[in-house]
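Here's a quick briefing to read with the model open on your screen.

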Amino acid sequence: MARADVLVIGGGVTGTLAAITLADAGASVTLIDAGVNAGSDANAGSLHVQMQSRFMRLYPDQVPNVEASLPFYRAAAEEWVRLDAVLGGVELVRNGGLMLAETPDQLAFLEHKADREAAQGLSVEVLDRTALDQIAPWLGPNIIGAELCRDEGKLNPLLANRLLRGRAEAAGVARITGKVDGLALTARGVEATTAEGPLQADQVIVAAAWGAGRLADGFGVSIPTRAEPLHMNITEPGAPSINHLVQHAERSITLKQFGSGQIVIGGGWPATYRGQTQPPLVRPASLLGNVALAAKLAPAISGLKVIRTWAGMNTTIDGASVIGALPGAERIVMAIPGDAGYTLGPMVGQMAASIALGAQTGFDSERFSPVRFAV
Amino acid sequence: MTEITFTFDGHKITAREGQSLAAALTEAGHRAFRETAKSADRGMFCGMGVCQECLVSVDGMPNLRACMSPVRNGMVVAKQAPFPEFSGAHVESSASKHLSPDVLVIGGGAGGLSAAITAARAGADVVVLDERKVAGGQYYKQSADGSILDAQQQEGAELLAAARASGAEILSGVELWGAFDPLLFLAQQGDTAIVARPKTAIVATGAYERPVMVPGWTLPGVMTTGAAQTLWRSYGTLPGKRIAVCGSGPLNLQVALELARGGADIVRLAERAPHPLKRPFASLKMGAAGASQTAKGVTMELALRRRGIDMRNACELVGVTQSGSELLATFRSAAGVEDTIGVDALCMNSGFEPQNEILRLLGAEMRYDPEMGTLRCHTDDTMHTNVSGLYAVGDCKGLGGAPAARQEGIIAGAHAATATGHGDAYDLFAARRALARHRRFQSCLWALYDIAPRNAATMPDDTLVCRCEELTIGDLRGGLEGRPGHAGTLKRSTRVGMGRCQGRYCGPVAARMVAEATGKPIEDLSFFAPRVPIKPVAISCILAAEEALDGEG
């Protein structure tokens, strides 16, 4: 394989956008993807902007980082709007997201959260049941109110992945299948070790999600990328009725309706990791708990059948993205969205590409620098 | 017999009690049951709850399979819209049933019933789960009203009676949708959620039919040969007056004769393979392997010839179109001559696909059989898989036929009982000998037919492959340009296999196309990854199962 200007490791939405940006700027780019257990391939297409209650509950220590990242989330959603236009339509719909409350306590939590988010520039509002009935009449009787975040939305990830891949190919990105086992600095650049032999490049962008931490080891950092196997459920089609991305103030759920009329139910219920060659396994308790919760919140959908479940990998770090060159290796640039990888992926990929090109990222990239994990 | 009346899109329809909705509608001349997202009509295809094409709306509830739903007096049936309105309402609490038998048998056909009888007679506590209203399976197809048509149905009735007498509990109308390690099964029977945690499980889920994929095979009125047989044997309904039968294999011969005797006009029986007499050595070998079965086949053929039925060998279906209420089926002879005939119904069967979803979900070892074009589940000689406590018998392991399934059932039933402390499973010599004989006959039999999977390269671009997502082979070829390394990648880029039938028809084609494009040998991992639910399951049923499991504490 010929030496590339830049080697991008990871062919999900983050790596693909990084590769496209670099190729458009004139670089010769090779993208290597292991083709297994990918996050983007299993993603369900939620555009997350408001703080997710699931995340706040699971990782309370990371909440300050998430809060500070809110303008970044908002900009990332805007970036998807731009991509929707550039790619010729990824079924992006931005009717906002509803976070539901069933108790006065939950509603109070949402009001407090909405204040913090409004302070960060998000378009949010807390609605009572009467107002909800106007926009979500299918909600169950237990719901007393919800926070509406107008910045949120949904898109069709299968379509987006296909179009992005085509766009990368058109931009001249050479895509290969393989797994990078390690990185080493050479006199002229970086060498990546694979089972098929070494790959040489001037620079490397690591967009390998939960696998990124391991690749950065030995370059002055220890980035705690953590794999979270999650599962999702999809129903047969119904009449278009659910316009919003739906979440809950206290419980793990996302629920939305695709353009196909199908309803996707997810929200971070755990699956079981089975190694690199097989997708994670759906757990009965997750399937039952996740879908039963959806049925309780939106009884109107309970006549529909679930036709498929699947599992994929989410990656978490510390609540903020990791974007930037490694302290011990300027030629290696990290591009890890952290949570909400699909929403943030395009922004993160493009910012990493800008850093590799020596250009401005448009955001205060110090906040995202891997230097915070220096050892 | 009680007469039942109901309406379909406002038309009054008279039916017999016990008939399936699909049979009653077919008898009344209705073929199109639902409209797809791309405005195409679909009707009953598989007749056994697999293809999910015969969906109708009943009393305002959409998405009911007409082939699996019995008629009820006064029901209001409507053609299913592509995007039906939500119709759910919260059910406060559902009934549930918890099972923890020594032996759970999944599937009440030849293999499953035989296993249940043997295990129950050995003293084990046995429960059989069967999908249909009356157990018996696809080979023994029992009638809804208990009447007996012929020796085959009689044999099935006797097996079913023996199973009931054995002490095994047979639960009918059960849809099993979840299988999890270690041997946890979730199912639904009417309004009741079933949670089963057996000590051992015997999977006997049989097979479904492989279609003849040609342009037009999704038109209403085109159905599997087995679906037509179910209409006739179970419900006394003919699929139409003028019928053509095509594909390859002895089932086509048998069903053509049954329908002709029932009064249908069989206008063409097209067999893809050359006539057995053109291969005298292979025919003699089959005769030696199974004299009585061979004689049965010869008798069937003679009976068909006496009726003057247009039987053609080396003749295959190339396409179907609709013209008014008639289907125009075009056939091509070995010499390349095409002719088109008008029919009411077109039956097709070109082999079988094993229903191995439960086995694959639980991690049973599968090997690819290139001659049949299917995966075969590997078991030891006690029918035990590599998964502890899990046995597999019959056609779900890979095609073997009902007589072999019965012997495998006996062997598995005896060993599962022994494993749970009942009986000794010693005296199985007769069963093993019979099994060896049936297997020998089966391999000789199929050598005379042409059921090897068709080369996708010969299929015209406009042939629908994925019925649910309405994708053609051309769409899949387009998807191959993205160089997918796996059928799952092709699935995500084209949506092939993402619909209600869960890739049961398109999956094998997609797996072969990708394997061919990548040059990799076909194996278990070449196929779409197995996923729960095994069959589409209503959210309300999942809620009921959750409450049932929650109640277990």
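In chain A, the centres of domain 1 and domain 2 lie 30 Å apart, taken over C-alpha atoms. Keep in mind that this is a predicted model.

- Domain 1 of chain A is put together from residues 4-41, 158-225 and 318-373, while domain 2 of chain A takes 91-152 and 227-316.
- Where these domains touch, domain 1 of chain A puts in 15 residues and domain 2 of chain A puts in 12 residues.
- Together, domain 1 and domain 2 of chain A bury about 1100 Å², with carbon and sulfur atoms giving 50% of that area.
- On the side of domain 1 of chain A that touches domain 2 of chain A, you'll find eight nonpolar, four polar and three charged residues.
- How many salt bridges cross the interface of domain 1 and domain 2 of chain A? The count there is zero salt bridges.
- Polar contact does turn up between domain 1 and domain 2 of chain A, in two residue pairs (both residues at pLDDT 80 or more).

**Chain B against chain A: the area**

- Interface size is often quoted as the accessible area that is lost when the parts come together.
- For chain B and chain A, the buried area is about 3700 Å², and 63% of it is on carbon and sulfur atoms.
- In terms of contacts, 39 residues of chain B meet 41 residues of chain A.

- A:Glu236 and B:Arg500 form a salt bridge, and their closest N and O atoms are 2.6 Å apart.
- The interface of chain B and chain A also has 14 residue pairs in polar contact, with both residues at pLDDT 80 or more.
- On the chain B side, the elements giving two or more residues are strand 12 (174-180), strand 13 (184-189), helix 13 (487-494), strand 31 (537-538) and helix 15 (539-551).
- Which element of chain B gives the most to the side that touches chain A? That's helix 15 of chain B, with seven residues.
- Sort the residues on the side of chain B that touches chain A and you get 21 nonpolar, 10 polar and eight charged.

**Strands paired between the chains**

- To find the spot, look for A:Val306, which stands opposite B:Val537 in strand 31 of chain B.

**Backbone details to look at**

- B:Asp181 and B:Pro182 are joined by a cis peptide bond, with omega about -5 degrees.
- B:Pro182 sits in the loop between strand 12 and strand 13 of chain B, and both of those strands give residues to the side that touches chain A.
- Another cis peptide bond links B:Val532 and B:Pro533, with omega about -5 degrees.
- You'll find B:Pro533 in the loop between helix 14 (506-518) and strand 31 of chain B.
- Over in chain A, A:Ala340 has a positive phi of about 55 degrees, although it isn't a glycine.
- A:Ala340 is in the loop between strand 18 (329-336) and helix 10 (341-356) of chain A.

Conventions: Residues are numbered from 1 along each chain as its sequence is written. Chains are lettered from A and ligands numbered from 1 in the order in which they are written. This is a predicted model: local features need pLDDT of at least 70, side-chain atom pairs count only at pLDDT 80 or more; totals for chains, interfaces and linings use all residues. Side-chain values use heavy atoms; hydrogens and water are left out. Contact means heavy atoms within 4.5 Å. Buried area is the accessible area (1.4 Å probe) that two parts lose on being put together, summed over both. A salt bridge is a side-chain nitrogen of Lys or Arg within 4 Å of a carboxyl oxygen of Asp or Glu. A polar contact is a pair of N or O atoms within 3.5 Å; within protein, one must be able to donate a hydrogen and the other to accept it, and residues adjacent in sequence count only if both atoms are side-chain atoms. Helices (H or I, at least four residues) and strands (E, at least two) are DSSP runs, numbered from the N terminus. Ala, Val, Leu, Ile, Met, Phe, Trp, Tyr, Cys and Pro count as nonpolar, Asp, Glu, Lys and Arg as charged, and the others, Gly among them, as polar. Two strands pair if DSSP finds at least two bridges between them. Domain bounds come from an automatic or database domain assignment.
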